[in-house]
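This report walks through a protein model for a reader who is new to structures. Please look over the sequence and the structure before reading on.

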Amino acid sequence: MKASVERLRWVLAGGAALLLVVLVGYLGYGRYRALRTWKDILKRSGIHITHETDGYTLSQSLGGKTSFTMHAAKGIEHADGKVSLHDAVLTLYGKTPNDFDRIYGSDFEYDEKSGVVRALGETFIDVQLPGALAGQQPKNTPVGDSKTSANPPHSKAVGDGSDRIIHIKTSGLIYLRKLGVAATDQEVEFHYAGLQCLAKGAEFNSGQSVLHLLSDVRVTGDVRGKPMTVHATKADLDRQANTVALEQPVAQTQGRTMKAAHALLHLRTDGSLERGEGSGGVAFDEGTRHMTAPHLDATFNTASLPQTTKLTGGVVVWDDDAQRPLHGKAVEVDTRFNAQGAPTNMVATGGAQVALSDHKEGGPVLSREMHGDRIVATLVPIAHKTVSRLSEVVATGSAMARGDSPVVQSGHAPETKSTTITADNLRADFGLDAEQKNEVKKLFGTGHARLQQDAPLGAQQTSSSNTVDIVFAPQPTKNGGTTTGIASAVQNGHVVIHNVPALRAGAAKPNPPSDASGDHAVYDGTTTKLTLTGSVHYTQGDTSLTAATLVANQTTGDADADGNVLATLLKAGSTAAAQPTTAQVTHVTADRAHLTHASQIGDFYGSEAHPARLWQGASQVQAASLRFDQQQRTLAARPASAGGLVHAVFANTSEANGKNTAQSTKPSSHQGGESSGQVIKVTSAAMDYADIEREATFSGGVHIDGTTGQTRSQRAVVFLNPAPSASKAVPGEAKPASATLAEQTNLFGGSVQRVVLSGAVRLDQPGRAGTGEQLVYTAADSTYILTGTPAKPPHMVDVKQGNITGATLLFRSDDSTIIVTGGPPGSTQPQHGRIHTETEVRQ
């Protein structure tokens, strides 16, 4: 669980998507400001005409209301029914006398038969703004209209900045009085609020109150002090429906571009943008960043700032940046904004995912990605609430987050470690670092949480739990910089950890994998320690361990187990499921244990009252402390105090038939080899076991108690037969490092071969007692050899033989024969004969 999910900033990739989504409202607003003026043309029109001059006048009324008025300073009638008009003004009236638009120019031609008015030369159109924007007009007095003057207000140049009228300039205009349609195929131009609009050809239907800009529609200018351009192949402005429809619009501002096949803008009665729709290949581009979607829906507040945007039909976002390429997609993306137009919430649904790569010069390629059925990003407004930063990202439904981090190894090129987190739900919290840059602070996963780390050389660690809670903090790097690392990680509920070690240099294969489980797991990034609590279970190869608590140092590999420690060691070639009760299994119980990875030493601790205990079959060792040295293949047992004792039991078993007969109390005949069923109990101040020599050395006062009697001495060595299935070892040659603890020690896997006691030896058997300096017991034939020194020869008192003294005493525990010699066994000194005594015991 060394969960260094360093720099999980791949979630910031969502920021690119948000930036482009904001562009929807921004460009839409600019497009609205340019196109709204055309909307207002239609708002006031209709088919009604009302206007007066002192010259030629033509007026038409429908339903008792003036709908159309044409007035000229001078009119010349021709024989063909046409009238030439000079300084003419056409006024188209709406529903009220104050609701009107005007068309005027120097020369017009009017055909009375066809009802066609044709403008000759440059023509101007005055369009009034909506009353909410322009303020109240003088009642019944159109702007620029006077009963005493026939001259139109030509002094008002196009774009003179009037806050009540938009002045439009064009040429080649034709007005069809019967149809109420004015049209031109020439360029149309107008200015308003810092925007210039140009189009090739226009058509205005006063009956439908619709203005059609026929082709090459162009809007340029500044919106909120920022330059903007909008191009469209066609535009339709419906003043009654308050809509602006654009064909193939392309909006650009500050290096950002938005385009679509079709766009429809809905305006409020006050002229502000209410909502917008885009369809057919909606696309956003900003430098190397791009976003596409089949459809866009957006809503705006009364200040024409975006409130919501919704991209549907399959959203795709990507970045072509050579250093940080990005790719993401979702079926739908919804975004909400505050009153100042800054995004506050983004929801991506339908297989949402985002992935990016970081190509740093001289370093490995670092990739990051995030998946989920639904991804919700929360943003916090900053900079007067007009800009937002990422605050939280929540992924639900098969959520996954993955990131790479650099791994620098001495003498090797930088490599990467990949960290993957999956859960039913993932939440990432973000904050600002010392440089005021956004970075991940916390990561929380619930429901089937799983953390996997893949490191170089095949190392892999996975952990699963019900929940995972990770806190990140800046950490220094070797080159003096900083990176984001794990400060702490907490996993709760059915924690399971699987670790595959890296392949060590020169090794044919890696160390066996390890598994650990518990109810809770806590990782401390400062100490790199992982603490497992609650029914902890740990296994590695043939070794397993249970405890109340396990603390593993992820840097050193050391581990501490505490509380009801139970370790199980299996003999080489076996498995935990195969014959768990046979003598090939070694168990250890203790109050606590410490495992040192570098030296391969395991220390098990208890107390004098509750000693640590090791057993294999019926053989066992008990002491306040037990130490395993895997490399030296030794076991050391020590008491906790000077008066403490070590207890050991060695049981001769019959392994030929695979059955454990250590509990048998039936003595076997010495005829035919090794004694079966004998139990030897040893008590001393210390014990040292060497598996290569198969020797257990006891010192500090030894007491041996067996089925054949009791012995005491200062020192004793128990020699074991090689276990039938144990690997053959060569003294001085170390086992491969990949060997398990059980394979390297194979403790007490064989039966007792012989026992050698020395120093103040005393023997007590039923009906027999002896003393000497050395006693050798051979289990194969149950024989004893008792020796002493010239000054103090061995002595024995036998109820049948009486008192016996000699250089060497040889006897068996199961008969009354005692062989006495004048010299030690194998000595070249003359022997003094043999005594054989048989005594009949009276009833």
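## Terms and ground rules

A salt bridge is a side-chain nitrogen of Lys or Arg within 4 Å of a carboxyl oxygen of Asp or Glu. Side chains of opposite charge can pair when their charged atoms come close.

This is a predicted model, in which local features need pLDDT of at least 70 and side-chain atom pairs count only at pLDDT 80 or more, while totals for chains, interfaces and linings use all residues. Residues are numbered from 1 along each chain as its sequence is written, and side-chain values use heavy atoms, with hydrogens and water left out.

## The protein as a whole

The secondary structure comes to three helices and 51 strands, where helices (H or I, at least four residues) and strands (E, at least two) are DSSP runs, numbered from the N terminus. Of the 843 residues of the protein, 47% count as buried; buried means under 20% relative accessible area, exposed means over 50%, and partly exposed lies in between (1.4 Å probe, protein chains only).

The protein exposes about 37,100 Å², and carbon and sulfur atoms supply 52% of that area; such accessible areas come from the Shrake-Rupley method with a 1.4 Å probe, and for residues only the protein chains shown count as cover. When contacts (heavy atoms within 4.5 Å) are taken between residues at least 6 apart in sequence, 52% of them join residues at least 24 apart.

## Salt bridges

A search of the whole structure finds 19 salt bridges. One of them is formed by R218 with E187, the closest N and O atoms being 3.1 Å apart. This pair links distant parts of the chain, with R218 in strand β10 (residues 210-223) and E187 in strand β8 (residues 181-192), 31 residues apart. E187 itself is partly exposed, with a relative accessible area of 38%. In another pair, R427 forms a salt bridge with D429, and their closest N and O atoms are 3.4 Å apart; R427 is partly exposed at 32% relative accessible area, whereas D429, at 18%, counts as buried.

The side chains of R627 and D603 also meet in a salt bridge, at 2.6 Å from N to O. Because R627 lies in strand β38 (residues 625-629) and D603 in strand β35 (residues 601-605), the pair ties together parts that are 24 residues apart in sequence. R627 is partly exposed, with a relative accessible area of 41%, while D603 counts as buried at 5%. Elsewhere, salt bridges that share partners join E122, K169 and E189 into one network.

Most residues other than glycine have a negative phi. D87, although it is not a glycine, has a positive phi of about 50°; D87 lies in strand β3 (residues 82-93) and is buried, with a relative accessible area of 14%.

H494, which is not a glycine either, has a positive phi of about 55° and lies in strand β29 (residues 482-500). Is H494 buried or exposed? With a relative accessible area of 62%, H494 is exposed.

## A loop residue

A642 is found in the loop between β39 (634-638) and β40 (646-651), and at 87% relative accessibility A642 counts as exposed. Although A642 and G700 are 58 residues apart in sequence, their C-alpha atoms are 10.0 Å apart in space.
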